[in-house]
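Subject: Handover of a structure, with notes

Dear colleague,

Please find below the structure that I am handing over to you. My notes on what was found in it follow directly after.

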Amino acid sequence: SVEKVPSFGVPTAILVDVSGSMRQAPVTGNRGSATSVVKCIDAAALIGAAFARRNPGSVLFPVDERVHDASHMNLRDSIATVSTQLRSFGGGGTALGAGIRHLNAIGHKGGVVVLISDMESWADTNGWQGGGTSVAQEFAAYRARNPGAKLVCLNLQAETSQQAQSNGHQLNLGGFSDAVFPVIERFVRGQVLDVEGPYKAADASAWVREIRAVDLVGTRVPRE
């Protein structure tokens, strides 16, 4: 249900990866006979549209090697309509930093940036050495203009690539189920990994508690 998607209560930017790899990869990954026919682009478009619905006034941009003009889209349309329109964009390479660079270029004022992708960003690798990815660099600039802003990177493929190091204002989640929504909401509200700087040893136990709290078979395991 869309009611499980968090409403942040602050201006929100949603960036949906519409690159070629998102159209090719099944959202489950390759699992033999258990492989889903649903592609990453299908899931990303639906999730992005749901976030837009739950966060009125948000901005939403499709991104591959560049940001696509989505000004004709009405985010008040149905989630099905918006997700269908999102799937019509892109198909090129992946330069995820372009999305946040665009937010900086237009002077976007916000509190949350949600990036939905397989995180396989390769077309903007120049200058990574010593300076982080373009996503990390652009979000640092975004946060300088928007103190307290948080970045949520939802990696639908749960691969090893990540675009920004997790800390108190940047969250990486790999894979997808509706269990990610309460984790995202608590992170934005400062209730998950609310620390500045890289992961610390204590964060491992915090994630164990988050995982134990997921209801897998109808019986929720309480947090310790």
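Of the 224 residues in the chain, buried residues make up 48%. Please keep in mind throughout that this is a predicted model. Among the contacts in the chain with a separation of 6 or more, 69% are between residues 24 or more positions apart. The chain contains seven helices and five strands, and along the sequence these follow the pattern β-α-α-β-α-α-β-α-β-β-α-α.

The five strands form an open sheet in the order 2-1-3-4-5, and their pairing is parallel. Strand 2 (59-63) and strand 5 (170-174) stand at the edges; each has a single partner strand, so one side of each is left without a neighbour in the sheet. From one strand to the next, the twist averages 15°.

Two of the pairings can be described in detail. Strand 1 (residues 12-17) pairs with strand 2 in the parallel sense over five bridges. Within that pairing, D17 has V63 in strand 2 as its bridge partner. Strand 2 is, moreover, mostly covered, with four of its five residues buried. Strand 3 (residues 112-117) pairs with strand 4 (residues 150-155), again in the parallel sense, over six bridges. Here V113 stands opposite L151 in strand 4.

Helix 2 against helix 3

The axes of helix 2 (residues 40-54) and helix 3 come within 8 Å and cross at roughly 135°. The two helices, helix 2 and helix 3, are therefore oblique to each other, and their crossing is right-handed. On the side of helix 2, the residues that take part are I41, D42, A45, L46, A49, A50 and R53, and they meet I79, V82, S83, L86 and R87 in helix 3. By class, the contact of helix 2 with helix 3 comprises eight nonpolar residues, one polar residue and three charged residues.

Is G93 buried or exposed? G93 has a relative accessible area of 7%, which means that it is buried, the cut-off being under 20%. The C-alpha atom of G93 is separated by 10.0 Å from that of M22, although the two residues are 71 residues apart along the chain.

Helix 4 against helix 5

Helix 4 (residues 97-105) packs with helix 5 (residues 134-145) at an angle of about 20°, and their axes are 8 Å apart. That angle makes helix 4 roughly parallel to helix 5. The crossing of helix 4 and helix 5 is left-handed. From helix 4, the residues G97, I100, R101, L103 and N104 meet S134, V135, E138, F139, A141, Y142 and R145 in helix 5. In terms of class, this contact of helix 4 with helix 5 has six nonpolar, three polar and three charged residues.

Helix 6 and F181

How many of the nine residues of helix 6 are buried? Helix 6 (residues 180-188) is mostly covered, with seven of its nine residues buried. The buried residues of helix 6 are V180, F181, V183, I184, R186, F187 and V188. Just after helix 6, G190 takes a positive phi of about 80°.

Yours sincerely,

A colleague

Definitions and conventions: Residues numbered from 1 in each chain as written. Predicted model: local features only at pLDDT ≥ 70, side-chain atom pairs only at ≥ 80, totals over all residues. Heavy atoms only, no water. Axes fitted to C-alpha atoms, helices over the stretch in contact; angles between N-to-C directions. Parallel < 35°, antiparallel > 145°, perpendicular 65-115°, else oblique. Left-handed = near helix turned anticlockwise from the far one by under 90°. Contact = heavy atoms within 4.5 Å. Nonpolar A, V, L, I, M, F, W, Y, C, P; charged D, E, K, R; others polar. Pairing = 2+ DSSP bridges. Buried < 20%, exposed > 50% of the residue type's maximum accessible area, 1.4 Å probe, protein only.
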